[in-house]
Amino acid sequence: KPYLDTKIFGTQDNLYLFETIDSTHTYVSHNLSTIDHGSVLLAYSQTAGRGRRGRKWSSPIGKSLSLSIVLKEFSDQMKPTLLTQLTAAALQQALAEVGLPIAIKWPNDLLINRRKVAGVLTEAMFERQVLQAITIGIGINLNQSQSDFPTEIHPKATSLALETESPFFADKLIAQFLKLFEQFYQDYQQSLDPEPFLSICRQESAVIGEIVTVVQGDKRRDVEVLGIEATGELLVRDLSSKEKMTLISSEVSLRNP
Ligand code: BT5
């Protein structure tokens with residue numbers, strides 16, 4: 001059980017630990033009424049980890065860390081897109097504090113040396129069509145070697161152990177991340193101002209100033225990334241039409257062309 005320095009998130013009865021589970025997110029969605037605001041679910045492996053839009057998240061035993069944070073106290077202005085940015089900023093800062101330079105690839109990837117080391121999945125969870133919770137999932141690659149990743153993601157994924165060239169113990173990182181997450185969340189709840197965490201996402205962005213391919217359903221287009229708006233949307237310029245437009249995170253993926 002990691003030592004946590006938080007006042008709300010993961011305290012006392014609100015820390016759930018699993019050696020193995022299908023998915024911490026799925027567990028929350030099946031137990032919505034009994035899980036409190038501020039609960040943190042931690043798993044050392046998942047057999048059916050989920051990414052965005054039905055994609056899979058690989059979280060093998062003893063090598064990865066899966067976390068879900070359950071929010072039940074939030075205002076309408078705290079949109080899932082912005083909460084994803086808040087989480088990415090807190091994780092980026094926590095990893096920077098343990099000496100790892102991480103870039104944020106809008107909307108939900110964390111990269112080291114251009115490879116994905118962690119991902120964030122924010123889901124609004126409903127019961128009988130009533131919003132019950134927003135659950136934020138974080139998957140972090142800790143101790144995978146290259147061959148532990150499914151072949152199709154090999155060249156694009158990395159782990160903290162691969163990057164530091166030594167086994168990675170996550171306790172400090174979990175504590176530091178949750179502490180920062182709690183600070184960012186409480187400040188945001190009070191001020192409703194996303195700028196403090198959005199400015200981190202802009203400053204540490206892996207895509208601002210770059211040319212990327214936007215994939216939206218079957219459509220692909222090359223754009224220059226100009227910035228991140230106060231709504232959390234990505235501001236881009238289409239390279240062929242020269243038009244500026246904003247992208248919504250739930251609809252698009254970015255690739256390097
Ligand atoms: C994500 O989705 O990156 C969100 C990951 C969130 C996982 C957490 S773990 C706790 C909670 N419980 C869950 O069941 N899920 C959440 P997305 O942007 O859609 O990226 C998914 C894509 O990343 C896949 O299609 C693969 O290409 C790639 N991928 C899968 N596993 C990976 C890994 N371990 N490391 C790097 N890339 C991976």
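Helix α5 (residues 195–203) has four residues named as buried: F197, L198, I200 and C201. "Buried" here means under 20% relative accessible area, with exposed over 50% and partly exposed in between (1.4 Å probe, protein chains only). Because they cover an arc of only 155 degrees around the axis, they sit on the same side of α5; the arc is that of the directions from the helix axis to the C-beta atoms. Their cover includes α2 (80–97), β4 (103–105), α4 (171–191) and β9 (219–228).

A word on where this comes from: the model is predicted, so local features need pLDDT of at least 70 and side-chain atom pairs count only at pLDDT 80 or more, while totals for chains, interfaces and linings use all residues. Residues are numbered from 1 along each chain as its sequence is written, and side-chain values use heavy atoms, with hydrogens and water left out. Helices (H or I, at least four residues) and strands (E, at least two) are DSSP runs, numbered from the N terminus.

**How α2 packs**

Let's take the α5 side of α2. L82, Q85, L86, A89, Q92 and Q93 in α2 meet F197, L198, I200 and C201 in α5, contact being heavy atoms within 4.5 Å. By class, that contact of α2 with α5 has 7 nonpolar, 3 polar and no charged residues. For those classes, Ala, Val, Leu, Ile, Met, Phe, Trp, Tyr, Cys and Pro are nonpolar, Asp, Glu, Lys and Arg are charged, and the others, Gly among them, are polar. The axes of α2 and α5 come within 9 Å and cross at roughly 65 degrees. Axes are lines fitted to C-alpha atoms, for helices over the stretch in contact, and angles run from 0 to 180 degrees between N-to-C directions.

Now for α4. Its axis is 8 Å from that of α2, and the two helices pack at an angle of about 140 degrees. That makes α2 oblique to α4; the cut-offs are under 35 degrees for roughly parallel, over 145 for roughly antiparallel, 65 to 115 for roughly perpendicular and oblique for the rest. The residues of the contact of α2 with α4 divide into 15 nonpolar, 3 polar and 1 charged. On the α4 side, they include F177, F181 and Y185.

Q92 belongs to helix α2, F168 to the loop between α3 (160–164) and α4, and N14 to the segment before β1 (15–18).

| Residue | Relative accessibility | Contacts |
|---|---|---|
| Q92 | 3% | I102, I104, L110, I200 and E204 |
| F168 | 12% | V98, L100, L142, N143, L160, A161 and L173 |
| N14 | 12% | D36, H37, G38, S39 and V40 |

Along the chain, Q92 and A118 are 26 residues apart, with 9.8 Å between their C-alpha atoms. For F168 and N141, the C-alpha separation is 9.6 Å across 27 residues of sequence.

Most residues other than glycine have a negative phi, and most peptide bonds are trans. W106 and P107 are joined by a cis peptide bond, with omega about 0 degrees, and P107 lies in the loop between β4 and β5 (109–112).

Q129, which is not a glycine, has a positive phi of about 60 degrees. Q129 is in the loop between β6 (115–127) and β7 (130–141) and counts as exposed at 77% relative accessibility. E165 also has a positive phi, near 60 degrees. E165 is in the loop between α3 and α4 and is exposed at 73% relative accessibility.
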